[in-house]
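Dear colleague,

Please find below the structure that I am handing over to you. My notes on it follow directly after the model.

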Amino acid sequence: MSAKLEISFAKSAKLNGGLSILLKTVEADSAAGAETVDPAGVIVKAARIARFSAKSMSALDIVAPEGAAVERIVVIGLGKAAELTAHDWLKAGGAAASRIKNTDKAAVFIDVPGLETSARAAADFALGMLLRAYSFDTYKTKKGDEEEKPAKSVKVTIVTADAAGAKKAFSDSEAVAGGVNLARDLVNEPPNVLGPVEFAAKARELEKLGVEVEILTEKEMRRLGMGALLGVAQGSVRPPRLAVMQWKGGKAKDRPVAFVGKGVVFDTGGISIKPAAGMEDMKGDMGGAAAVTGLMHVLASRKAAVNAVGIIGLVENMPDGNAQRPGDIVTSMSGQTIEVINTDAEGRLVLCDALWYCNDRFKPQFMINLATLTGAIVVALGNVHAGLFSNDDQLSAQLTAAGLSSNEKLWRMPLGRDYDKLIDSKFADMKNTGGRQAGSITAAHFLKRFVQDTPWAHLDIAGTAMGSPQDEINQSWGSGFGVRLLDELVRAHYES
């Protein structure tokens, strides 16, 4: 759950106790709102003593400032004005939110002298605050040695000249925050609580926002011939589900854009069982499905002018007496047969049927799948970039640009015939892994065999969806990676 921040915008604020947060660039002679907040000039003296230069995301914290109507002043540095990016506004909001402690109200002044602050920048600042305020402590009954007190609501007034414009822009920001934090919640939930059926129920809740949701059971999937997905699920007592979410915000004749997510709610590796150390992290192996669900929440919440489909394949990969074995051959919905070499290469088996179903039923403009698919991508890119594989240069370029804009960065990886040959099988049409070398690439080639000529991209988010470094806007183990990226893609290129 998240700490409750009640954010509003105003051209001015009455100060009577509480906290004031002021922004400052390196070049500016004074911080935003200094004349109002600090009539005695305490900030200048404190900055000199602390050698505060307004370096990006640095902070100057002043308690009980002399002559001020507030109990505490915090100045957040923005760095050099010329180097300020859109993402820096999110980071500044996160840095500000991290300083809100032991108060029930805060006035935030963001119009730095000499710097034009747009309504969009103000909304991004507020979004950063909401993202930073998120915490997942549902299952904590105590905090440290003291019993946890109910979270207080903090009223935050962001003071800016274009308060009306900022308020309007913020409606979209709230939608984005809701989608990201939903994805974080899903990834953070323990695996005994969030199984395939429970995840499907979470997807069903999007109907409140106007999303059309269908849940396919194993009976429907068996009728459709989804032998690859069902093979992964057969070792678990928890039945699989396929959730199909549709947001119809565009024109009726417009083909939808489509997003497909891997939703392995827990991955033991199956018979090819994983090492015990770190296996608890495999509750996050549904980060792709979480991102797709979060994205559909955003699109519906902000009433995006686009037709969008989100499909998530939900299974649990367990090693019981009925689990599939290495050497088994399964038949996918496409009719192509797959030799299962390694039961721990299960996500691609889930995705291949979901991709084929999506393409066959909806004939989308493009398909983008997201998956915590391979450890190999973490070896290649660490947790700074997600891997991007695509059969379409235009879609790849759009995704890369959206990644740079949202700071959910992608790095395009190669595809080629020599890699594709590595998944040819002696006994079936293909095998589900090409071995240790080029593991992320051969996984992408496996998926590519199920998309036909539709523009497609595969995002391997194994290094970015969970356990990624904490920063100004994310302090959560589950990061919600992909939601802001794909919302930016839709916003920039696909809304009518």
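In which loop does S468 lie? S468 belongs to the loop between β19 (456-460) and α15 (483-493), where helices (H or I, at least four residues) and strands (E, at least two) are DSSP runs, numbered from the N terminus.

Two remarks on conventions come first. This is a predicted model, in which local features need pLDDT of at least 70 and side-chain atom pairs count only at pLDDT 80 or more, while totals for chains, interfaces and linings use all residues. Residues are numbered from 1 along each chain as its sequence is written, and side-chain values use heavy atoms, with hydrogens and water left out.

Not counting residues up to four places away in sequence, S468 touches N383, G463, N474, W477 and S479 (contact means heavy atoms within 4.5 Å).

The second largest pocket

The volume of the second largest pocket is about 870 Å³. Pockets are found on a 1 Å grid over the protein atoms alone: a cavity is a set of points where a 1.4 Å probe fits but cannot get out, whereas a pocket is an open set with protein on both sides within 12 Å along at least five of seven lines, and lining residues have an atom within 4 Å of a point. Grid points are joined across faces, edges and corners, and a volume is the space filled by probe spheres set on the points.

The lining of this pocket consists of 35 residues, and L373, T374, G375, A376 and I377 lie nearest its centre. Two or more lining residues come from each of β11 (257-267), α11 (375-381) and α14 (439-448), and α11 gives the largest share, six residues.

Annotated positions

UniProt, in an unreviewed entry, lists K274 and R348 under "active site"; its positions are given in the numbering used here, feature names are shortened, and annotations may be inferred rather than shown by experiment. The lining of the second largest pocket takes in K274 and R348. K274 sits in the loop between β11 and α9 (287-301). Leaving aside neighbours within four places in sequence, K274 is in contact with D267, T268, G269, M279, M282 and D344. R348 is part of helix α10 (residues 347-362) and counts as buried, because its relative accessibility is 6%. Beyond residues up to four places away in sequence, R348 touches L373, T374, N432, T433, A443, F446 and L447.

The feature "binding site" (unreviewed entry) is placed by UniProt at D267, D344 and E346. These residues span 80 residues in sequence, yet no two of their C-alpha atoms are more than 8.6 Å apart, so they gather at one spot. D267, D344 and E346 also belong to the lining of the second largest pocket. D267 is in strand β11 and is buried, with a relative accessible area of 2%. Not counting residues up to four places away in sequence, D267 touches K274, M279, M282, D285, N317, D344 and E346.

A three-stranded sheet

There is also an open sheet of three strands, in the order β13-β14-β18, with mixed pairing (two strands pair if DSSP finds at least two bridges between them). Its edge strands, each pairing on one side only, are β13 (329-331) and β18 (430-431). β13 and β14 (residues 337-339) run antiparallel and are joined by three bridges, and V330 stands opposite I338 in β14.

Yours sincerely

Note on methods:
Buried < 20%, exposed > 50% of the residue type's maximum accessible area, 1.4 Å probe, protein only.
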